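Welcome! Take a look at the sequence and the structure first, and then read on.

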Amino acid sequence: MNDILLRHLEVTNFRSIKGTIQAPLDAKMVLVHGENGAGKTSLLSAIELVLTGRVISLQRADPQYMSQLLHRSSAQGAADHGSIRLQTEGMPGENNFFADINQAGVQTRATLTDSAASFFSERCYLPQSLLGQLLQIYQDSDSAPDSPLSRFVTELLGLDRLDAIETGLAPVADLRNLRKTTELYGQVEFEKSQLERSLAEHRRTRDAAQKALDVALSELNTARSALGLSDAVSEANFEGVSTELQANPEEAVLSDFHDRRRRLEAIAREANRDADAGTQQDETSLAAAHRRASERLRVWKQQFEEPLQSLRTRIAHVLPDVDAAPLGSREYQRVALASLRERKKQAGDRSGRAAQDAKRQADINDELLAARKNLQTIDDEIARIAANSGALGAILAELTSFISNDTCPVCDRNFGELDNGSLSDHVNHKVRDLSGSAERLLGLTRNRSSQQEQIDRLERESAEIQSRALTQKDIIDLDRQAGALDELISDLERVGPAMDDGEALAADETAARRSLSGYQSRNLARTAAMATLAEFASNLNQTALDPLQTTQQVVVQLLTFIDERISAQNLRIAARSRARDALGQARVEFARRKDADDRFTAEQTTFRSADNALKRAARVRADAQTIKNQVESVRSRIIGKEFNDRLNRLWRDLFVRLAPNEPYVPAFRVPTESTHRLQPKLITTHRAGGAGGTPGAMLSAGNLNTAALTLFIALHLTVSDQLPWLILDDPVQSMDDVHIAHFAALLRTLSKQHRRQIIIAVHDRQLFEYLKLELGPAFEGDSLRTLELSRGLGADTLCLPDRRSFRHETALRFVA
Amino acid sequence: MTGSLLITGLVKRLKAAGYQELSTPFKVASVDFEFTAALRGTAGRGLDLVLIVDTATGDHGDRDATKVRQRVEALSRALDITGSRYVLTVILAGASLRGDIEALSATCRVLTIEHAALDRAGDPIGDAEAEALDDHIRVLLPLDLRAEDATEALVGDPLAELLSALPVTVDKELVRAVSEASINGEDAVTRALGARLEQVLSEEEQP
């Protein structure tokens, strides 16, 4: 075991210590006594300050505590300077520590290393505030993140800073929260998105301009190639073509061609005035054709004129009104044939009807004879029936109601005498007969009238036929006339084709004669027109004309030539105009593209810087996330390492020492499942085994204090001792005598057997005296220091040191 | 070794823990004191005087609480008179009344043990029973730190451990600002984060 010792402390004007005190600490056991406010706590925290450069318990109470370190005298002219000087022994490295305190704070020289400082703050020095917390953890020992236990574990292990980092960095998880940490973030983001949109807009504008420029240039090139300028221009050199598009040479050429066209049209009109649209024939051939036509007509006349003329005379005899038509006319044939056929039909009809009438007259005569016979029979029948039979029947019917027996009511005779049935049957029979005769009379009368009607009709028809009956001579004439007409029709039909030929031949002859005479009058004008056209063509640099062509063909040919030239010039003019337009468009789009490019370049720089700024921020965010994640794993590691079985075993040992009769002992249990924040849980176990409730529920108040105190000592002992110091600030405030006695025994054990240097401050005089006795030196080299702090009103703090050394015990005498 | 099994066991256990058995009776300030058993510590515990009272089967008036108290008080006074620094611990082996224990506690440290499961030689019959026996007199026994399985001391400062666990690529300025701010709580950390973000956001572009 190393002998690292706190040797001497000098404190000036620190907290409640006024003036300078000298506190020798060169003993394994240092007892500090003082009334409340005398400076015990200041003395102990002076050790922490000078060793670690800070006072954790003060810091937690007030982050600005550094400016409160200097002693505040009630008198004016308070001290403006303080210091702490600490000598140690056996430390590797520095053994002299010094802190200079002024209004602003403290300057320390040669503090402990970080890990040693943490060890000191966490496991060597138990300030009252921490003990208070230890007690508090039992009141509410759940494992919520903000429970006193969690706070204790957190602070004990120095995890509060880790927690602060973790919670403080929580906004990085959500961008919305992250934006709240600095307004600039949102601003830069907004700026970036604005620029992004703006840049996209410029890019679109540029693309559109580029596309339009390409289109304009390709249009320009197309138009220029139409003008015969084949060298393609690009956006680099398109400005140069503006001069070549200035002039308009096509206008003059075009107007020249228009003039020529008008002249040609005039020539054409002149030539057309006499020219025929028909074929151009030579005069001789025309004359020959005329001769041939005349000859053919003469031959025909020779053959057909005579018979045709006699036929006509015959027809004229029958049809005196069909005469005026010329010989051989097709029209004559048609009219004559139609008339002849009509006549023939009429004659046929009349003779046919006469024959029919004669036959019908004979039939009617027979029918009349039969009808008259029938009429006579009906009249005879009617005459046989009494005309009054109906009336008699009615009277007899009425009489039947007066007949009751066979005695006749009219003649009073007994009908039974006749032996011919009863009288009433007889009368009834008579009545039926009479009414039957009446019905028959009615039917006969109807028959008679219809018979009479038929006779009347037949007599009328007979009279009609007789009125139109022809004489026998008339009928024979009709038959003869029809035969003559038949003959004429067949003659006419036979000579029809010959008449047609004659008509065609006559027409041919007439046409040939007309052609010949027309040609003869035209020939002069054509020669003149062709000469004019030949001259015109040579003016147009056209080759010699084909003499076989008509003037019209020549004119059309020349017109086509001129129209081609005109349309070519028009195309050139249009192309030039298009080229000018395209050039103008290209200029506009070029400027637009340049403008977009300029804007893009200008804004891109700003955009990049915003983007980079955000990227840097994102890296910081990611780093913060890394830190945050690491906090979790470090915390879990620390807690897992700290709250282990060894701690529980030590704690149990210490607790049982101080509370041997308490069946329940406190313990930590670290949940094995991984949770967001790993937190140990405080439980109790029964000494004989089995789980108890939470310490707050299972332990008495005194034992809770014991549990708190022993927990701190266990934590001190559970790791290898970097600094073998235990500095306890009034740890037994609420302990009863029994516990204090056990506690004193524990301190003794720690001091004497485990060589811890123990500094303990108490305010109770009696306790101080007791501990002085209990903790006295037990062996050679063992020692006890006491320091009594006191302060008069307004006076400097006093520190009275005392030292006890070991001396041999002689009290015990053994009898044997 | 004429005492009961429990006394035998206790003495055996204490001797194993470095105590010396004293022959009784012994004299302090010319007065004889008779106890069922008495032991004295050695080395660091040289001032520990342990007296065992057999309240169940003992002689010397051990079964009468008043007499026991009188005897212990007499011894205490005798030690005071001689200026001795011995620290007295009385172990009441066997059942005792609570009031009697409290009365005795005013004079000295009192431990009690009613029963222990021991074999004939006075040794605990098992580990659990040994532990139970120890629990009653633990304050007299040395601490078993079992240094060999003491965990390595932590790096110390959890913050330092965090810093050492962070990859080197992490933004150093952020780490510095955040760890400085952590002492002032989470809001300060958030502010530090915000400040660092603002810083990188407003950094001038390197040309």
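How many residues of chain A are in contact with chain B? The answer is 74 residues of chain A, which are in contact with 70 residues of chain B. Please keep in mind that this is a predicted model.

**Chain A overall**

- Chain A has 816 residues, and 31% of them count as buried.
- Its secondary structure comes to 20 helices and 14 strands.
- Taking the contacts in chain A with a separation of 6 or more, 71% are between residues 24 or more positions apart.

**An open sheet in chain A**

- Six strands of chain A make up an open sheet, and you can trace them in the order 7-10-11-3-12-13. The pairing is mixed.
- At the edges you will find strand 7 (125-126) and strand 13 (797-805) of chain A, each of which pairs on one side only.
- Strand 13 of chain A runs antiparallel to strand 12 (residues 783-791) of chain A, and nine bridges join the two. To see one of these pairings, look for A:R785, whose bridge partner in strand 13 of chain A is A:R803.

**Helices against the sheet**

- Helix 1 (residues 40-52) of chain A packs on the sheet, where it touches strand 3 (29-34), strand 7, strand 10 (725-729), strand 11 (757-762) and strand 12 of chain A. The direction of helix 1 makes about 150 degrees with that of strand 10 of chain A.
- Helix 20 (residues 765-774) of chain A lies across strand 3, strand 11 and strand 12 of chain A. Helix 20 runs at about 165 degrees to strand 3 of chain A.

**Where chains A and B meet**

- On the side of chain A that touches chain B, helix 15 of chain A provides the largest share, with 16 residues.
- By class, the residues on that side of chain A are 37 nonpolar, 22 polar and 15 charged.
- Helix 15 (residues 551-642) of chain A and helix 6 (residues 172-182) of chain B have axes that come within 10 Å and cross at roughly 50 degrees. These two helices are therefore oblique to each other, and their crossing is right-handed.
- At this crossing, A:V620, A:D623, A:A624 and A:I627 in helix 15 of chain A meet B:L174, B:V175 and B:V178 in helix 6 of chain B. The contact has six nonpolar residues, no polar residues and one charged residue.

Conventions:
Residues numbered from 1 in each chain as written. Chains lettered and ligands numbered in written order. Predicted model: local features only at pLDDT ≥ 70, side-chain atom pairs only at ≥ 80, totals over all residues. Pairing = 2+ DSSP bridges. Helix = DSSP H or I, 4+ residues; strand = E, 2+ residues; numbered from the N terminus. Contact = placed C-beta atoms within 7 Å. Axes fitted to C-alpha atoms, helices over the stretch in contact; angles between N-to-C directions. Parallel < 35°, antiparallel > 145°, perpendicular 65-115°, else oblique. Left-handed = near helix turned anticlockwise from the far one by under 90°. Nonpolar A, V, L, I, M, F, W, Y, C, P; charged D, E, K, R; others polar. Buried ≥ 20, exposed ≤ 12 C-beta atoms within 10 Å, placed from the backbone.
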